[in-house]
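Thanks for making the time this morning.

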Amino acid sequence: MDSRVIFEKGNVGRKTGYIAQPAIPLREPKALLPESYVRQDLGLPSLGELEVVRHYTNLSRLNLSVDTNFYPLGSCTMKYNPKINESLADMEAFCNIHPYQDEQDVQGALGLIFDLEKILCEITGMQRFTFQASSGAQGELTGMLMVRKYHTTKKNKKTKVIIPDSAHGTNPATASMCGYKTIVIESKADGLIDLGKLESACDNEVAAVMLTNPNTLGLFEENILAVSEIIHKRDGLLYYDGANFNPLLGITKPSVMGFDVVHLNLHKTFSTPHGCGGPGAGAVGANEKLLDFFPAPLVDKDKDVFYFNYDIKHSIGRVRGFYGNFNVLIRAYAYLLRLGQEGLVRVAQNSILNAGYISEKLKEHYALASSKPSMHEVVFSCVKQKEKGVSALEIAKRLIDYGMHPPTMYFPLIVKEALMVEPTETESKETLDNFIEAMIKINKEIEENPQIVRNAPHTTPVKRVDEVRAARNLDLRWQKPGALF
Ligand SMILES: *Cc1c(COP(=O)(O)O)cnc(C)c1O
């Protein structure tokens, strides 16, 4: 493989094209524009079409991706992205509309938002949803700004937010962006929330408890109703981080567990390929307590006409321009309609079954982070392997040699040498068995020939990158002396 960057390839003036000269002679830009407006030489590479195609195709093949390999990344999972959703999102009727068009000309798009909201309300038990936020983190911020407005409108004096130590890092970040102090409570040894500690941390100044259930250890918080009672007694609210909602679909609802406000990552749970920063949609739903605080506008219907409703009493305002990443909503809507109620339940059941299968098959080789049964993901703690001189990171890297994307590593932070595996609901038993076999082989290698694991991966064009140096001395430019780049 040619490892040169594209700027090092090609030659001045090179292009592919046997194109006839135009009948009307082209005029030089200099003849039409003042000198200062004429574009100078940008130093862009000049290549033939085949060279460009090969360059990018070869680059794309250096990656492990869901389309090429098993991808058991826990928490921020790339779940199932049916290809048909891509075609639907690509329909001209959707792609060629503009947010400045009159409502009457985009009734279909508004209808889609309206229907998607109804479905998500049914699934979660919330009363309304907004789709403005472009990511899970932005959804959290939206939800917590609504919580803050709830309290300021009621003149509640609230200063803090309680978050368990297993939480996703965005939870404390969101709480502090809303001006609250974060109170972290330690989980019990089994990974579940400690009710005693919650009770003693909870006073009248607590604005909310932010939780995810199943939690980041993949465990169902059995005492969720008690948590709900503790926080609600003090007029605090219960926030649900539903970034990964697949294990509960059609089985239970956040409303049943006492949650007041939720965000769902449509790009994780409801089929949008994501990564590298986008695109995403953090759908935020809330119950009757928070209806007056939604970002404006929401989509409503009067007789048979859909319209943007800006009339929201104490709206927190906008959190984003226009109406969110509409293309992500199309995919989520198509996905939900295709699954139907029955399909949703099977997604949940199979996501749990697949993680449970891996957990059972590997627990004698790798220590489980908790003795409680896992839901859609399972966390291992590679402490035994670490004692033998091989870290979780090295095990993850070795999986690449076996043709698999590494699982999430060192998260949640409370588990030493954590490997967090989410197989997802759509992988076959054969794929799961291959993964299990690779993990068992790696464990044997650690006994017999740890060096091979320690230095993995061996099969990739790029081996181990110096991550510290890459972070401290980030330099993405290709440097040609004297060139613009
Ligand atoms: C991914 C994730 C988030 C954040 O979502 P983004 O879209 O990456 O901003 C929040 N909480 C949990 C549990 C997540 O897995």
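Predicted model: local features only at pLDDT ≥ 70, side-chain atom pairs only at ≥ 80, totals over all residues.

Residues are numbered from 1 along each chain as its sequence is written, and side-chain values use heavy atoms, with hydrogens and water left out.

Taken as a whole, the protein has 16 helices and 13 strands, where helices (H or I, at least four residues) and strands (E, at least two) are DSSP runs numbered from the N terminus. Its C-alpha atoms fill a box of roughly 80 × 70 × 45 Å, taken along the principal axes. Of the 485 residues, 48% count as buried, and here buried means under 20% relative accessible area, exposed means over 50%, and partly exposed is what lies in between, with a 1.4 Å probe and protein chains only. If we take the contacts with a separation of 6 or more, residues 24 or more positions apart account for 70% of them, a contact being heavy atoms within 4.5 Å.

Now to the helix pairs. Two packed helices are described by the angle between their axes and the distance between the axes. The axes used here are lines fitted to C-alpha atoms, for helices over the stretch in contact, and the angles run from 0 to 180 degrees between N-to-C directions.

How do the axes of helix α5 and helix α11 cross? Helix α5, residues 107-124, and helix α11, residues 326-362, have axes that come within 10 Å and cross at roughly 45°. The two helices are therefore oblique to each other, given that angles under 35 degrees count as roughly parallel, over 145 as roughly antiparallel, 65 to 115 as roughly perpendicular and the rest as oblique. α5 passes α11 in a left-handed crossing; a crossing is left-handed if the near helix is turned anticlockwise from the far one by less than a right angle, and right-handed if clockwise. On the α5 side the contact includes Leu112, Ile113, Leu116 and Ile119, and on the α11 side it includes Phe326, Tyr333, Leu336 and Leu344. By class, the residues of this contact of α5 with α11 divide into 15 nonpolar, no polar and 1 charged, where Ala, Val, Leu, Ile, Met, Phe, Trp, Tyr, Cys and Pro count as nonpolar, Asp, Glu, Lys and Arg as charged, and the others, Gly among them, as polar.

The second pair is α13 and α14, whose axes come within 10 Å and cross at roughly 125°, and which are therefore also oblique to each other. This time α13 passes α14 in a right-handed crossing. The contact is made by Ile395, Arg398 and Leu399 of α13 with Phe435, Ala438, Met439, Ile442, Glu445 and Ile446 of α14, and by class it has 7 nonpolar, no polar and 2 charged residues.

Staying with α14, its 20 residues, 429-448, should span 28 Å at 1.5 Å a residue, and its end C-alpha atoms are 28 Å apart, which agrees; the expected span is 1.5 Å times one less than the number of residues. Among the buried residues of α14 are Leu432, Phe435, Met439 and Asn443, and what covers the buried residues includes α11, α12, α13, β13 and α15.

Back in α11 we find Ser359, which is buried, with a relative accessible area of 7%. Leaving aside its neighbours within four places in sequence, Ser359 is in contact with Leu368, Ser374, Val378 and Phe380.

Finally, the backbone. Most residues other than glycine have a negative phi, and most peptide bonds are trans. Which bonds in this model are cis? One joins Asn213 and Pro214, with omega about 0°, and Pro214 is found in the loop between β4 and α9; another runs from Phe411 to Pro412, with omega near 0°.

Pro412 is in the loop between β12 and β13, and Tyr410 is found in the loop between β12 and β13 as well. Phi of Tyr410 is near 55°, a positive value, and at 31% relative accessibility Tyr410 counts as partly exposed.
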